[in-house]
Amino acid sequence: MNAKNLIFIARVLSILSTPFYLPLLGLMALFSFSYLAMLPFNYKLRLMLIVYVFTVLTPTLLIHLYRRYQGWNLFQLGFRERRMIPYVISILCYYLCFYILNMLHVTYFMTSILIAALLIQVVCAIINVYWKVSTHTAGIGGVAGALQAFAFLFSFNPVWWLCIILLLGGMVGTSRIILRQHSLSQVIAGFLIGMVCAGFAVMKLSVNLMI
């Protein structure tokens, strides 16, 4: 495989693995492995649409408009000092989604996913002031952490899913290194931050609300 094809594959992986998909993937896991699978299909579809609009579509469009306004390409937007506004945009969008779901009185297991995603974004934004960390691998690490927490809460075996997530995390991390957006340490740190934040947020909120 030549370098041009390798870079093209890395770009495709980076686009498909945007960290904005974390809440949506978390909902899909809940609707597959927990008692929430019994909810009406139309209700689940409506919730997933709301989450998609406010955690994927809206922040992606706003960040794209911000980048075009500044006249930057995707590589230039990746500079550490230029990442704070995108962080703020995504945090505000995630909070708005959390607020809407609370207004709809959805179960706390679903809102815990948004809290986990918010926590990951906030921690990455704070670290970004001093050091650039990979939000792509943080998002995948968040899926791994949330999956382990829900596996504990709902007593299902997550091993095969974790294997898939770890494989995907390795591929995405490698793509970010190939594209020269991150170093190996930044990729690994992002994954660990996501896993710890998501696992802590889901477990802490769930246990507190069950008491």
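Predicted model: local features only at pLDDT ≥ 70, side-chain atom pairs only at ≥ 80, totals over all residues.
Let's start with the rings. A pair of aromatic rings is described by the distance of the centres and the angle of the planes. The structure holds three aromatic pairs. In one of them, the ring centres of Tyr-95 and Phe-98 are 6.3 Å apart and the planes meet at 45 degrees, so this pair counts as tilted.

Both residues belong to helix H5, which covers residues 84-103. They sit three residues apart, about one turn of the helix.

## The nonpolar core

In soluble globular proteins, nonpolar side chains tend to be buried together. Here, the largest nonpolar core contains 55 residues. Among those with the most contacts inside this core are Leu-30, Met-110, Phe-150 and Val-202. At least two core residues come from each of the helices H2, H3, H5, H6, H7, H8 and H9.

Which residues does Val-202 touch, leaving aside its neighbours within four places in sequence? Val-202 is in contact with Ser-112, Ala-116, Ala-146, Ala-149, Phe-150 and Leu-153.

## A buried lysine

Now find Lys-132, in the loop between H6 and H7. Lys-132 is buried but has no salt bridge. The nearest side chain of opposite charge belongs to Glu-81, 8.3 Å away.

Technical notes. Residues numbered from 1 in each chain as written. Heavy atoms only, no water. Phe/Tyr/Trp six-rings, centres within 6.5 Å; stacked < 30°, edge-to-face > 60°. Helix = DSSP H or I, 4+ residues; strand = E, 2+ residues; numbered from the N terminus. Core = buried A, V, L, I, M, F, W, Y, C linked by side-chain atoms within 4.5 Å. Buried < 20%, exposed > 50% of the residue type's maximum accessible area, 1.4 Å probe, protein only. Contact = heavy atoms within 4.5 Å. Lys, Arg positive; Asp, Glu negative; His and termini not counted. Salt bridge = Lys/Arg side-chain N within 4 Å of Asp/Glu carboxyl O.
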